[in-house]
Amino acid sequence: MLVIRFGATESRVHISPSGEIVAEPASPVFSSVWEERFPIPGGVATHEGDWVWCDNGDMLCGAAAARVGETDFESVTGRLYDALFARTRGLHLYRVWNHVPAINAVAPGREENYKRFCLGRASAFEREYPGDCERRMPAASAVGVGGDRLVIVVIAGRAKPEHFENPEQTPAYRYPQKYGPKPPSFARATRVRTRCGEWAFVSGTAAIKGSDSLHAGDFDAQSRVTAENLFIMRRAIGALSPSTVLLRTYLKPASGRVSVDARALAGGPCEPVLVSADICRSELLLECELTLRTPLSSTP
Ligand code: 3EB
């Protein structure tokens, strides 16, 4: 079992007494539900350096938290990703969450922290999958978090997943250089059939068409474009009739909002979690993501 719990005052990851991997990013919550639970049964949980892992032979989940500072943003990101890749070798990545401290801050003489994070992550992808990076990139999100620890959470597994792009958005890994020296390393959605059920993950999704942010400063207009992009991705991943739809929304504190129309954003009923977090592009006021899950019927 993987649990992602918001509302902590300091980011940390740990193994619970019942053997669950628990990631607690230091982000305030607005919703009454503070955590998302990913029912990945069984497995043995272990500590390995910055990471905690739980492996049930079919799916592997992990979480890490590590201090990052002005001088070492790229190298700490690279170190965490190198360890992630070492542990998931022979498996496929399904979903990665990145919680980046001071995400929009710029240290003197440096790029913005998000761009430095992207550089560290992209370099690690290239080291692990030379010449084959893009096909390996799973659904992901990267948002701000309080404190000074970079938090990374990952779900991987044996079964080969399918990755999807949004035809109305430039693939993030081909964003032009103005968004940073190395583009973000993720797919818009990932779907996989595992022994623990069928999963689909829609990446952090915002008011972007092509590679441009739309409607700077207009929350309602950004919400409409975000809902449309989520709908496009739900259609792209196909006829999955999920028993569970988790909607996580990140609201930028500066948006002044504390609620959203979850049903409109998810395109139907969902379990909404509403988190306060800065978004990687400072003009974006919200970002949403989906986790869809269908248990496999007992007969194949
Ligand atoms: C975007 O569409 C908005 O860097 O991993 C969304 C999802 C975004 C993932 C990442 C960034 C990331 O580009 C930002």
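Q: Which element gives the most to the lining of the second largest pocket?
A: This is a predicted model. In it, β4 gives the most, with four residues. A residue counts as lining when it has an atom within 4 Å of a pocket point, so four residues of β4 meet that cut-off.

Q: What other elements give two or more residues to the lining of the second largest pocket?
A: Besides β4 (35-38), they are β16 (244-251), β17 (271-276) and β18 (286-294).

Q: Which residues lie nearest the centre of the second largest pocket?
A: They are E36, R37, T244, L246 and E271, out of 14 lining residues. About 200 Å³ of space lies in this pocket.

Q: What makes five residues of that lining count as charged?
A: Asp, Glu, Lys and Arg count as charged, so the five charged residues are of these types. The lining also has seven nonpolar and two polar residues.

Q: How do you know where empty space is left?
A: Rolling a probe the size of a water molecule over the atoms shows it.

Q: What is the volume of the largest pocket?
A: The volume is about 340 Å³. The lining has 25 residues, and the closest to the centre are Y114, Y175, I208, C280 and R281.

Q: Which element gives the most to the lining of the largest pocket?
A: α2 does, with four residues.

How values were computed:
Residues numbered from 1 in each chain as written. Predicted model: local features only at pLDDT ≥ 70, side-chain atom pairs only at ≥ 80, totals over all residues. Heavy atoms only, no water. 1 Å grid on protein atoms, 1.4 Å probe; cavity = no way out; pocket = protein on both sides within 12 Å on 5 of 7 lines; lining within 4 Å. Points joined across faces, edges and corners; volume = space filled by probe spheres on them.
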